[in-house]
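Welcome, and take a moment to look over the sequence and the model below.

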Amino acid sequence: MTQTSAANAATPRGALAKIEHILRSQNGGDISAEITLGELSDAMEERAFGLLLLILALPCCLPFVYLLPQLVALPMVVLAWQMAMGRRAPWLPETLRKRRLPVESLLDVVDRTRRYGGGFVERLAHPRLVGLTGDRGTRVIGALLVVPCLSILVPLPLTNTVPGFGVSLAAVGLIERDGLFVIAGLLVGLAWVLLLAVGGPALIYFLVDRFFA
């Protein structure tokens, strides 16, 4: 086997497989350990923005995942803002680099994502409209992703699941250079935030009028 083919065999294909490989290769393969955001960022090398956003967004869009969404919301906002500012690689302040995440829980999130159809969705992604994921396009994508990421940061019902799904789709698009996935993810995330912004006050007014008038 040539060196090139060996390298290709060792490199997993697909965003979820890449993330699983990185998680399992850290800490000597001890999945009961924890990993810091800084270690994750350093291990992801190229396409780190997409991979980091995906692994942080997945806990937000799956049901019955607790604690992780609260740990990952702020780093997601920071990453999206850095994309908008034109950074080529993520930079995290030391306080966020030291934030620790349980490897086993992250692997469980990846596995559940596959079982809930994430693996099928991931296989649909391939290079399309690649100009949207270039340097200029990435800055626009980052600026737009700030909105659903801020929604995830808000500790209220209905503010994280759908935006998390939108960010996940956009992140897969960034990883696979699939502009169609990026557009779909942005539409899902932004449309839901707009719906909350418009319908949320109306719902509150209805509930107050119905039960407290």
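## A first look at the protein

Of the 213 residues in the protein, 44% are buried. Please keep in mind that this is a predicted model. Its secondary structure consists of ten helices and two strands, and along the sequence they follow the pattern α-α-β-α-α-α-α-β-α-α-α-α.

**Surface and contacts overall**

- The protein exposes about 11600 Å², and 64% of that is supplied by carbon and sulfur atoms.
- Among contacts with a separation of 6 or more, 73% are between residues 24 or more positions apart.

**Helix H4 and its neighbour H3**

- H3 passes H4 in a right-handed crossing.
- On the H3 side the contact is made by Leu37, Leu40, Ser41 and Met44, while H4 brings Ala48, Leu51, Leu52, Ile55 and Leu56.
- Eight residues of this contact between H3 and H4 are nonpolar, one is polar and none is charged.

**Helix H4 and its neighbour H5**

- H4 also meets helix H5, residues 68–84, with axes that come within 9 Å and cross at roughly 150 degrees.
- H4 is therefore roughly antiparallel to H5, as the angle is over 145 degrees.
- The crossing of H4 and H5 is left-handed.
- From H4, the residues involved are Phe49, Leu52, Leu53, Leu56, Ala57, Pro59 and Cys60.
- They meet Leu68, Pro69, Val72, Pro75, Met76, Leu79, Gln82 and Met83 of H5.
- By class, the contact of H4 with H5 holds 14 nonpolar residues, one polar residue and no charged ones.

**Helix H4 and its neighbour H9**

- Another partner of H4 is H9, and here the axes come within 8 Å and cross at roughly 155 degrees.
- H4 and H9 are therefore roughly antiparallel to each other.
- H4 passes H9 in a left-handed crossing.
- H4 contributes Gly50, Leu51, Leu53, Leu54, Ala57, Leu58, Cys60 and Cys61.
- H9 answers with Thr161, Gly164, Phe165, Val167, Ser168, Ala171, Val172, Leu174 and Ile175.
- This contact of H4 with H9 divides into 13 nonpolar, four polar and no charged residues.

**The loop between H7 and H8**

- Histidine 126 is found in the loop between H7 and H8, and its relative accessibility of 38% makes it partly exposed.
- Beyond its neighbours within four places in sequence, histidine 126 is in contact with Glu176, Arg177 and Asp178.
- Histidine 126 and leucine 180 are 54 residues apart along the chain, yet their C-alpha atoms are separated by 9.2 Å.
- Leucine 129 sits in the loop between helix H7 (103–124) and H8 too.
- Phi of leucine 129 is positive, about 45 degrees, although this residue is not a glycine.
- As background, most residues other than glycine have a negative phi.

**The loop between H9 and H10**

- Arginine 177 lies in the loop between helix H9 (161–176) and helix H10 (179–211).
- Arginine 177 also has a positive phi, near 60 degrees, in a residue other than glycine.
- With a relative accessible area of 32%, arginine 177 is partly exposed.

- Arginine 99 is placed in the loop between helix H6 (94–97) and strand E2 (100–102).
- Arginine 99 counts as partly exposed, at 24% relative accessibility.
- Not counting residues up to four places away in sequence, arginine 99 touches Ile35, Thr36, Leu37, Gln70, Leu71, Leu74 and Pro75.
- Serine 151 is in helix H8, residues 135–153, and counts as buried at 8% relative accessibility.
- Leaving aside neighbours within four places in sequence, serine 151 is in contact with Thr159, Pro163, Val193 and Leu196.

Technical notes. Residues numbered from 1 in each chain as written. Predicted model: local features only at pLDDT ≥ 70, side-chain atom pairs only at ≥ 80, totals over all residues. Heavy atoms only, no water. Left-handed = near helix turned anticlockwise from the far one by under 90°. Helix = DSSP H or I, 4+ residues; strand = E, 2+ residues; numbered from the N terminus. Contact = heavy atoms within 4.5 Å. Nonpolar A, V, L, I, M, F, W, Y, C, P; charged D, E, K, R; others polar. Buried < 20%, exposed > 50% of the residue type's maximum accessible area, 1.4 Å probe, protein only. Areas by Shrake-Rupley, 256 points an atom, 1.4 Å probe, with all protein chains shown as cover. Axes fitted to C-alpha atoms, helices over the stretch in contact; angles between N-to-C directions. Parallel < 35°, antiparallel > 145°, perpendicular 65-115°, else oblique.
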